[in-house]
Amino acid sequence: MYKQNGKWNSYDRFCFVKPIPVTESFIFKPFKEEPLMGEMAYPNDYLSSKGVKSGDIVCFQPESEYEFDVDGEKMYRIYDHQITIKL
């Protein structure tokens with residue numbers, strides 16, 4: 001990812017997803033963040049061409065996320081082909 005004119009841009013096959021808090025359900029989830037789900041923060045050109053935009057809730061494949069700190073926020077760097085669903 002690179003910053004240009006004060007705005008972050010994803011690069012190549014990578015996108016960045018922000019984890020979301022656990023949603024309430026009947027199933028107990030012993031996590032602070034919803035597993036395998038997040039809010040798309042910085043889609044790449046390929047995902048943008050498929051209709052995925054910043055703010056969309058997406059699901060991704062297990063063990064595909066790589067944690068980064070972007071301006072003090074936790075983000076997951078994920079390859080675009082590992083994004084499985086746009087909710």
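The structure holds 4 aromatic pairs, where rings of Phe, Tyr and Trp (its six-membered ring) pair if their centres lie within 6.5 Å, with planes under 30 degrees apart counted as stacked, over 60 as edge-to-face and the rest as tilted. This is a predicted model, in which local features need pLDDT of at least 70 and side-chain atom pairs count only at pLDDT 80 or more, while totals for chains, interfaces and linings use all residues. Residues are numbered from 1 along each chain as its sequence is written, and side-chain values use heavy atoms, with hydrogens and water left out.

## Aromatic pairs

A pair of aromatic rings is described by the distance of the centres and the angle of the planes.

Y66 and F68 form another edge-to-face pair, with 5.3 Å centre to centre and 65° between the planes. F68 is partly exposed, with a relative accessible area of 32%, and ring pairs link F16, Y66 and F68 into a cluster.

## Overall build of the chain

The protein chain has 1 helix and 8 strands, and from the N terminus on its elements run β-β-β-β-α-β-β-β-β. For 87 residues, a compact globule would have a radius of gyration near 12 Å, and the 13 Å of the protein chain agrees with this; the radius is taken over C-alpha atoms, and the globule rule is 2.2 Å times the number of residues to the power 0.38. Along its principal axes, the C-alpha trace spans about 45 × 30 × 20 Å.

Buried residues make up 33% of the 87 residues. The chain exposes about 6,000 Å², of which carbon and sulfur atoms supply 52%; accessible areas come from the Shrake-Rupley method with a 1.4 Å probe, and for residues only the protein chains shown count as cover. Among contacts between residues at least 6 apart in sequence, 48% join residues at least 24 apart, where contact means heavy atoms within 4.5 Å.

An open sheet is formed by 6 strands in the order 6-7-3-4-5-8, and their pairing is antiparallel; two strands pair if DSSP finds at least two bridges between them. Strand 6 (66-70) and strand 8 (83-86) are the edge strands, each of which pairs on one side only. Neighbouring strands of this sheet are turned by 45° against each other on average, direction ignored; axes are lines fitted to C-alpha atoms, for helices over the stretch in contact, and angles run from 0 to 180 degrees between N-to-C directions.

| Strand pair | Bridges | Opposite residues |
|---|---|---|
| Strand 3 (residues 14-21) and strand 7 (residues 73-79) | 4 bridges | C15 and I78 |
| Strand 3 and strand 4 (residues 33-42) | 5 bridges | F16 and Y42 |
| Strand 4 and strand 5 | 3 bridges | E39 and I57 |

## Residues in the loops

Q61 sits in the loop between strand 5 and strand 6 and is partly exposed, with a relative accessible area of 32%. Leaving aside neighbours within four places in sequence, Q61 is in contact with L36, H81, Q82 and T84. The C-alpha atoms of Q61 and L36 are separated by 6.7 Å, although these residues are 25 residues apart along the chain.

N5 belongs to the loop between strand 1 (2-4) and strand 2 (7-9), and although N5 is not a glycine, its phi is positive, at about 55°. N5 is exposed, with a relative accessible area of 82%. D71, found in the loop between strand 6 and strand 7, also has a positive phi, of about 50°, without being a glycine, and at 55% relative accessibility D71 counts as exposed.

Methods:
Helix = DSSP H or I, 4+ residues; strand = E, 2+ residues; numbered from the N terminus. Buried < 20%, exposed > 50% of the residue type's maximum accessible area, 1.4 Å probe, protein only.
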